[in-house]
Amino acid sequence: MKKLLFTLLLGTFSAFMAIAQNTLIKGSVLDAVTSSPIPDVSIIIEETEQSATTDALGEFTFSTNVPLGEQVLRVSKIGYLTKRYPIVVNEGQTVDITDMTLEIDVSDQVDLFTITLSDDELNDDTSGADNISGLLQSSRDVFQRTAAFEFSPSFFRVRGLDSENGSILINGIEMNKIYNGRPQWSNWGGLNDVVRNQELTIGLAPSSYNFGGILGTTNINTRATNYREGGQVTYSSSNRSYTNRMMASYSSGLMKGNFAYTIMASRRFGEEGYQDATLYDANSFFVSVEKKINDKHSLNFTSIYAQNRRGKSSPNTQEVYDLKDIRYNEYWGYQDGEKRNSRVKEVEEPIVMLNHFWDISNKTTLNTNLAYQFGSLGNSRLNFTGANLVTTSDGQNVYEGGGRNPSPTYYQKLPSYFERNFPDDLEFAYGAQQEFLNDGQIKWQQMYDANLANAAQGKNSTYILYEDRVDDKQLTLNTILNTELNDNILINASLNYKTLESENFAEIIDLLGGTGYLNVDGFEGTQNDLLNPNRVALQGDRFSYNYNINADVLSGYAQAQFKYNKFDFYLSANVTSTKYQREGLYQNELFKDNSVGKGRELSFSGFGAKGGLTYKITGKHLVDLNAGYITRAPSIRNTYSNSRSNHNIVPNISEEKITALDGSYIFRSPILKAKLTGFYTKIEDANEISFFFTEDIGSVIAATGTQESGDDTGEFIQEILQGIDKKHIGAELGIEAQVTPTIKLKGAASIGQYTYDNDPDLYISSDRFNNFYVGKSFLKDYRIASGPQRAYSVGFEYRDPDYWWVGATTNFFTNTYVDVSPLRRTSNFYSDVDGLPYNDYDDSLARELLRQEEFDEYMVVNLIGGKSWKIGDYFVGFFASVGNLLDKEYKTGGFEQGRFSGYRELRDDQALNRPVFGSRYWYGRGTNYFVNLYFRF
């Protein structure tokens with residue numbers, strides 16, 4: 001009996017000692033203001049798969065397979081600011097980290113940044129505003145967030161890259177357009193409350209959804225069960241894009257029958273934003289319904305309707321800005337006492353989506369998705385070339401008509417034109433200046449009067465307002481597999497198929513008092529459609545051009561991620577097959593044999609491979625390395641040289657090649673977070689196509705044998721730049737310090753050099769000649785126009801325990817360049833009509849004329865602040881932001897006009913105080929504001 005008792009005591013003591021010697025991590029989490037325990041807080045041991053959740057007392061414990069050494073606990077909960085706590089774990093000991101605190105995230109209550117970005121900068125589609133901020137707005141990375149929220153008004157591009165280099169997904173379905181590779185932000189504009197659930201990977205980092213681009217992947221999750229139960233009503237006022245916004249949203253949470261739904265509606269409107277007459281009229285609706293079939297299967301249906309109609313603003317020459325101001329917009333004029341904008345962009349492309357989520361096991365999931373998007377995108381503008389069919393006395397049919405260019409900034413209406421052509425009679429220039437100062441807008445009534453006079457004589461409209469339309473139907477199907485082979489290896493794979501039917505045409509939307517429009521080319525006097533010659537088009541009819549583009553894209557990717565205590569690494573690969581085909585519905589008289597019917601099918605193959613390594617020196621110090629090589633099909637936009645008229649494609653077209661490398665040093669502590677990154681990107685065999693009228697390509701026209709008269713040097717052309725190489729190198733720094741519980745300091749910097757890396761081939765096409773090879777465009781080492789190539793930011797945030805907060809940033813921008821004219825940098829620049837160099841050519845002056853313009857450096861100060869109140873179970877909040885507090889005027893982008901591309905004309909023009917064809921610029925906004933009030937329940 002004694003022996004048995006001794007054995008039991010020994011076993012009990014041994015068990016107690018074994019428990020006492022177990023390695024444990026335990027602790028608790030409290031509210032930083034009330035000191036109340038916070039339940040359901042996520043506690044994750046970083047760089048491991050281990051996680052725990054606090055109980056009703058705010059407590060948690062890790063007791064099995066606890067990693068040893070320096071570790072970092074990430075403590076997070078929706079509605080609170082995430083914190084990171086470093087600890088040291090020794091074998092057989094207990095780490096007790098009680099009373100950790102979390103602070104309510106007041107910015108989460110207002111979702112500030114998504115509000116200001118997706119409604120504002122992201123909707124601008126000018127060439128100077130291709131903005132990638134939407135790819136970054138969900139990032140917690142200091143630099144990425146600064147780039148999205150502080151640098152974006154200056155049209156800064158991370159690493160100098162366009163948004164086509166990043167992927168936007170909704171529930172695993174890619175939203176980037178096949179036409180140009182870029183996302184159409186307005187397809188989900190105004191739906192801020194329901195697109196905030198985002199997962200972001202930066203750069204080449206691995207994504208669980210797709211291979212991604214070199215700028216990363218953002219996946220917007222719209223599963224109804226992922227939204228917080230409750231609702232929110234919001235009112236906003238601004239002077240940026242719109243003046244008023246109203247939003248309302250509600251989420252049911254999981255209900256009886258395992259259903260959940262989320263709904264939202266919003267309206268944004270205003271007669272004009274910061275620029276003159278930039279009307280805004282947008283309505284958005286969202287529905288997501290999820291049925292949880294059982295523990296393994298769930299179906300989710302999402303429908304998004306975001307109609308958006310807004311007036312555009314014009315880029316202008318410095319002459320125009322000096323006469324007016326940076327708000328000036330040439331696209332509008334008064335009609336019946338109200339401002340009417342001739343350039344309106346309207347987007348109406350609903351999305352419906354069905355997603356099946358299958359949890360095959362606790363380590364394997366399969367997500368299968370089906371999406372259909374349809375609708376229209378239109379851009380309106382004036383046409384002033386209306387003609388009439390006239391039979392001469394000898395029985396010949398000729399076309400007569402055409403009007404004066406209605407643009408108030410047409411070069412023959414500005415003072416500079418008269419200063420150049422009538423230097424001894426400056427009263428002409430003075431008269432033009434006074435007329436522009438006193439009016440300087442489109443004269444709608446004059447166009448109506450001209451058309452009404454035509455109608456009275458049985459003639460057609462000279463002036464019409466029409467719309468360049470794209471009506472797309474796109475079906476997407478994909479399936480995404482994620483599986484954990486073991487605690488260290490994760491496998492991701494997907495298959496994707498997209499098919500696009502795209503109708504492209506011009507449609508008359510207003511005859512401006514006339515009776516019809518003759519469907520002929522008013523400049524050339526030729527038929528737009530020989531199948532229906534001399535057709536008079538009415539309002540709502542298609543005219544000018546009419547064709548379809550069909551595209552099919554099939555792709556797949558596989559990825560393996562490996563996670564260990566000191567190293568993480570990944571390997572990823574993808575393959576893509578892309579096919580395009582044009583179908584012409586009009587037979588253009590200038591391209592009788594190459595415009596109507598189906599063109600040849602174009603096929604492109606792409607593949608990509610990338611890999612990366614993260615070395616965890618300690619819990620605070622990490623090194624991250626990534627490398628990738630990608631080939632991809634050119635976009636539809638850069639494949640067809642003039643798809644509106646014919647089947648012609650870019651000569652020697654091939655897949656683009658991209659090589660990307662980056663390396664980062666990361667420091668993380670509870671007080672200081674910093675990341676320093678160096679990057680290198682090389683893009684090869686890219687193509688770009690531009691359309692413009694040029695006056696001095698006499699040597700080219702002579703070489704083509706299409707010269708019609710001795711002074712025939714002008715032509716409307718398609719400029720095709722083929723085989724472009726670009727190089728992007730630089731460094732990024734992001735740093736923030738929580739110097740006190742209420743004060744945070746932050747800073748960011750980007751130093752880049754983005755240049756052309758070769759002399760690409762330049763071809764031009766027109767109605768007279770096709771893909772004529774001009775020669776090399778000497779662009780090597782010219783800077784790419786990608787916004788500021790250097791940007792710096794410093795700022796602070798103060799968050800008071802009484803739930804008010806304020807912040808300020810100072811941002812500094814340098815090395816911003818104008819977009820250069822490629823044709824101006826070919827042999828055509830110095831060649832006379834006989835092909836020989838100009839006899840008065842001056843090398844030193846030529847170098848000065850071809851020197852790329854660099855814009856002035858500038859500083860922008862932004863302020864932001866807000867207050868929230870918790871009233872029972874409700875939140876009421878207010879915040880306001882002021883951009884460009886000091887009202888600094890600065891250029892964000894611009895381009896050289898191609899009208900003068902020869903030495904003599906450019907020399908004479910640039911010698912004037914006010915060049916006739918100077919560069920056109922975009923300016924950033926002066927002082928602007930955004931005010932927001934919300935109620936959450």
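## A charge over a ring

The charged end of K891 sits over the ring of Y921, at 3.8 Å from the ring centre. The structure described in this report is a predicted model.

## The open sheet of three strands

Strands β17, β47 and β46 form an open sheet in the order β17-β47-β46, and their pairing is antiparallel. Which strands stand at the edges of this sheet? The edge positions belong to β17 (316-317) and β46 (891-895); each has a single partner strand, so one side of each is left without a neighbour in the sheet.

The pairing of β17 with β47 (residues 920-923) is antiparallel and consists of 2 bridges. Within this pairing, T317 stands opposite R920 of β47.

Strands of a sheet pair through backbone hydrogen bonds, and the pairing may be parallel or antiparallel. Strand β22 (residues 364-383) and strand β25 (residues 464-484) run antiparallel and are joined by 20 bridges.

Together, β25 and β26 form a hairpin, with 4 residues between the two strands.

## Salt bridges

Side chains of opposite charge can pair when their charged atoms come close. The structure contains 48 salt bridges. One of them joins the side chains of R182 and D162, with a distance of 3.5 Å from N to O. R182 lies in the loop between β9 (173-174) and β10 (198-202), and D162 lies in the loop between α4 (142-151) and β8 (166-170), so the pair ties together parts that are 20 residues apart in sequence.

Another salt bridge is formed by R469 and D471, whose closest N and O atoms are 2.7 Å apart. R469 counts as buried because its relative accessibility is 14%, and D471 counts as buried because its relative accessibility is likewise 14%. R904 and D832 also form a salt bridge, with their closest N and O atoms 3.7 Å apart. This pair links distant parts of the chain: R904 is in helix α11 (residues 903-910), D832 is in the loop between β43 (804-814) and α10 (843-849), and the two are 72 residues apart. R904 is partly exposed, with a relative accessible area of 25%, and D832 counts as partly exposed at 22% relative accessibility.

## Q910 in helix α11

Helix α11 also holds Q910. At 37% relative accessibility, Q910 counts as partly exposed. Which residues does Q910 touch, apart from those up to four places away in sequence? The contacts of Q910 are L849 and P915. Q910 and F285 are 625 residues apart in sequence, and their C-alpha atoms are 51 Å apart in space.

## Aromatic pairs and a cluster

A pair of aromatic rings is described by the distance of the centres and the angle of the planes. The structure holds 43 aromatic pairs. One of these consists of Y411 and F917: the ring centres are 4.7 Å apart and the planes stand at 50°, so the pair is tilted. Y411 lies in the loop between β24 (397-401) and α6 (415-421), and F917 lies in the loop between α11 and β47, so the pair ties together parts that are 506 residues apart in sequence. Y411 is buried at a relative accessible area of 14%, and F917 is buried at 7%.

Y798 and W804 form another tilted aromatic pair, with 5.1 Å from centre to centre and 50° between the planes. Y798 is partly exposed, with a relative accessible area of 21%, and W804 is partly exposed at 35%. Y411 and F917 are also members of one aromatic cluster, which comprises Y410, Y411, Y417, F418, F422, F428, F900 and F917.

Notes: Residues are numbered from 1 along each chain as its sequence is written. This is a predicted model: local features need pLDDT of at least 70, side-chain atom pairs count only at pLDDT 80 or more; totals for chains, interfaces and linings use all residues. Side-chain values use heavy atoms; hydrogens and water are left out. A salt bridge is a side-chain nitrogen of Lys or Arg within 4 Å of a carboxyl oxygen of Asp or Glu. Buried means under 20% relative accessible area, exposed over 50%, partly exposed in between (1.4 Å probe, protein chains only). Two strands pair if DSSP finds at least two bridges between them. Contact means heavy atoms within 4.5 Å. Rings of Phe, Tyr and Trp (its six-membered ring) pair if their centres lie within 6.5 Å; planes under 30 degrees apart count as stacked, over 60 as edge-to-face and the rest as tilted. A charge sits over a ring if NZ of Lys or CZ of Arg is within 6 Å of the ring centre and within 35 degrees of the ring normal.
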